[in-house]
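The sequence and the model are shown first.

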Amino acid sequence: MAQVSVDLTAGKTGANDKVRVGIIGCGGIANGKHLKGLRAVKDVEAVAICDLIPERMTETKQRYPEIAGAAEYTDYKELLKDESIDCVHVCTPNRSHAFITIDALNAGKHVICEKPMATSYEEAVAMCEAAKKNGKLLTIGYQNR
């Protein structure tokens, strides 16, 4: 399988034109890995967070003061309506990876989905088809350790 490299900042023009990210799910993986990693990338900004439990968003903002101004959502579909968001990180329980990812791709967002990709082969295929149909990037957070 070929690897694809894409500059998500291409076409952005100004000093503040960063890749705008929404985080869906504010549990351990978002706080321990995703937001920590985003901190290290200069052209990326977390602008929205979403969790079913509002207290988790409060804790996340306390842990990462640089996202203090990020919009908060308890419904990921509301986050996906924000047209300024370029990419979402799906950091939710495994059973919800596929439908949230497909909704995000259909909303015109690039997606980084935490592993495992899906709970079935059919869900994984549907995710890939949604990425292709919408011309968006989909990547899964598999790591070699």
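Strand S1 (residues 19-24) and S2 pair in the parallel sense over six bridges; two strands are taken to pair if DSSP finds at least two bridges between them. The model is predicted: local features need pLDDT of at least 70, side-chain atom pairs count only at pLDDT 80 or more, and totals for chains, interfaces and linings use all residues. Residues are numbered from 1 along each chain as its sequence is written, and side-chain values use heavy atoms, with hydrogens and water left out.

**Overall fold**

The protein chain has five helices and six strands. Helices (H or I, at least four residues) and strands (E, at least two) are DSSP runs, numbered from the N terminus. Along the sequence, these elements follow the pattern β-α-β-α-β-α-β-α-β-α-β. Of the 145 residues of the chain, 39% count as buried. Here buried means under 20% relative accessible area, exposed means over 50%, and partly exposed lies in between (1.4 Å probe, protein chains only). Among the contacts with a separation of 6 or more, 63% join residues 24 or more positions apart; contact means heavy atoms within 4.5 Å.

**The sheet**

The six strands form an open sheet in the order S3-S2-S1-S4-S5-S6, with parallel pairing. Its edge strands are S3 (71-73) and S6 (138-140), each of which pairs on one side only. On average, neighbouring strands are turned by 25° against each other, direction ignored; the axes are lines fitted to C-alpha atoms, for helices over the stretch in contact, and angles run from 0 to 180 degrees between N-to-C directions.

Five of the six residues of S1 are buried, so this strand is largely enclosed by the rest of the structure. Towards S2, Ile 23 stands opposite Ile 49, and the bridge partner of Ile 24 is Cys 50.

**Nonpolar cores**

A nonpolar core is a set of buried Ala, Val, Leu, Ile, Met, Phe, Trp, Tyr and Cys residues joined through side-chain atoms within 4.5 Å. The largest such core has 24 residues, of which Ile 24, Leu 79, Leu 80, Val 88, Val 111 and Met 127 touch the most other members. At least two residues of this core come from each of S2 (44-50), H3 (76-80), S4 (87-90), H4, S5 (110-113) and H5. A second, separate core of 16 residues includes Ala 46, Ile 49, Tyr 64 and Ile 67.

Residues up to four places away in sequence aside, Val 88 touches Gly 22, Ile 24, Leu 79, Leu 80, Ala 104, Lys 109, His 110, Val 111 and Ile 112.

**Helices H4 and H5**

The axes of H4 (residues 97-106) and H5 (residues 121-134) come within 9 Å and cross at roughly 10°. The two helices are therefore roughly parallel to each other, since angles under 35 degrees count as roughly parallel, over 145 as roughly antiparallel, 65 to 115 as roughly perpendicular and the rest as oblique. H4 contributes His 97, Ala 98, Thr 101, Ile 102, Leu 105 and Asn 106 to the contact, while H5 contributes Glu 123, Ala 126, Met 127, Ala 130, Ala 131, Lys 133 and Asn 134. By class, this contact has seven nonpolar, four polar and two charged residues. In this classification, Ala, Val, Leu, Ile, Met, Phe, Trp, Tyr, Cys and Pro count as nonpolar, Asp, Glu, Lys and Arg as charged, and the others, Gly among them, as polar.

Within H4, His 97, Ala 98, Ile 100, Thr 101, Ala 104 and Leu 105 are buried. The buried residues of this helix pack against S1, H3, S4, S5, H5 and S6. Just after H4, Gly 108 takes a positive phi of about 85°.

With residues up to four places away in sequence not counted, Glu 45 touches Lys 18, Val 19, Arg 20 and Val 21. On that basis, Thr 74 touches Cys 50, Asp 51, Leu 52, Pro 54 and Met 57.

The peptide bond from Lys 115 to Pro 116 is cis, with omega near -10°. Pro 116 is placed in the loop between S5 and H5.
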